[in-house]
Amino acid sequence: MTGNAEWMMALDQDKGEFWFPLGAFEFTMSTALLAIHTAQGVVMASDGRKLSSRPGEDLRDDVQKIFPIPPSDRACLAFGLAGTVRLGHGSDISVDFEAETQRETSRLNRDLPRDWWGYLTELKDALTDAINAKRRPLKEPAATNILIAGRYGKHLNSAHLVFSHGISETEADIFTHPPGQNPKFCSPAILRLIDQPDSHFAKYAEPKGTAVRTIQEAVARALADIRAHYDEEAIKVDAEHCTAIGGRIQIATIDFADGFKWVPGYEPLSQS
C-alpha cells in the first residue's frame, strides 16, 4: 500500500472512527484492477494476463478478473480478483477464490444483511471459514485481494477484502473506500508518471481523474490507466510488476439504471 505523510479521518460503517493516509488506495501489485466512482455509477476495469508459476506453462492473456454478482432488488455488485486466486500446487488445487466468492455471494443474496458493512463482514467470515476448512499447508505465505463494488441499497460503494494466507491458516481484513478514494491495484510508479506533464506517460493523463464526472469519462480514465501499464516504456520503469500486466482489457459499469453491463469491446472472451 502506498501513501504520503498526509492523513485524514472518516467514519466507519459501524460509526467508529478510523484514519487512513491520503492516496492509500493505490496498491502495488503485478496486475491491473481498479474501480472508479461517479455520481452515475461505478466502473470496474482490469487487464487479462496470468503468469504461471509452473515451469514450461505459457502465460495467458484472456483471463477473466471481474465477475458480476447476481443482482437482487437491494443490490447490484461485482467483484474482481488480484493476487493469489487459487491455493494449491499444480493440478492439486484446494481453494479456488472465483468459485468460493461466487458461491458465498449467491448465498448472501438470498437474505441480504441490512447494511454494507454487515454484508462485507458476513462475506469475509464465510469465505475465511470455507477457505480454512478446505486449504492445506502452503510452502510460503500468500495473499488474495477481492475488490467489490456497485450498488448496495440506495448507495454506490466499494471495498476490498484482503486474505492473508499463512503456512497453515488464513485470516482476512476489510477495507472500505471513503468517497473520493478510487482503489487501484497496479503499479503506483506508472500512475505517478501519468500525472507528470513532462513524462512519456503524460499522454495517458486525459481525462484528469479529478475531472471525471460521468460513466463515460470514468471508462476513459480506467482505459488510460490500464493502457499506460501496457506501454513499452512501462517495463523499463517497473519491470517487476508490469511484466505480468497485459492481455485483453475488461471494463464493466454498474449504475442505478442498467445494473451491471460490460462495455462493448471490453468483455471477457467468454462474453464477447
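This passage describes the overall make-up of the protein and then some of its local features.

The structure is a predicted model, in which local features need pLDDT of at least 70 and side-chain atom pairs count only at pLDDT 80 or more, while totals for chains, interfaces and linings use all residues. Residues are numbered from 1 along each chain as its sequence is written, and side-chain values use heavy atoms, with hydrogens and water left out.

Six helices and 15 strands make up the secondary structure of the protein; helices (H or I, at least four residues) and strands (E, at least two) are DSSP runs, numbered from the N terminus. Of the 272 residues, 50% count as buried, that is, under 20% relative accessible area with a 1.4 Å probe, protein chains only. The protein exposes about 13,300 Å², with carbon and sulfur atoms supplying 50% of that area, as given by the Shrake-Rupley method with a 1.4 Å probe. Among contacts (heavy atoms within 4.5 Å) with a separation of 6 or more, 63% join residues 24 or more positions apart.

Turning to the helices, the axes of α1 (residues 97-109) and α2 (residues 116-134) come within 10 Å and cross at roughly 135°. Here axes are lines fitted to C-alpha atoms over the stretch in contact, with angles from 0 to 180 degrees between N-to-C directions. The two helices are therefore oblique to each other, a class for angles that are not under 35 degrees (roughly parallel), over 145 (roughly antiparallel) or 65 to 115 (roughly perpendicular). On the α1 side, the contact is made by F97, E100, T101, R103, E104, T105, R107 and L108. Their partners on α2 are Y119, E122, L123, A126, L127, A130, I131 and K134.

Helix α4 (residues 215-230) has 16 residues and spans 23 Å from its first C-alpha to its last, close to the 22 Å expected at 1.5 Å a residue; the expected span is 1.5 Å times one less than the number of residues. Its buried residues include I215, A218, V219, R221, D225 and H229. In the loop between α3 (188-194) and α4 sits P207, and the peptide bond from E206 to P207 is cis, with omega near -5°.

Among the strands, β10 (residues 142-152) holds N145, which is buried at a relative accessible area of 10%. Beyond its neighbours within four places in sequence, N145 is in contact with M29, G80, L81, A82, H160, L161, V162 and F185. Of these, H160 is 15 residues from N145 in sequence, and the two C-alpha atoms are 6.6 Å apart in space.
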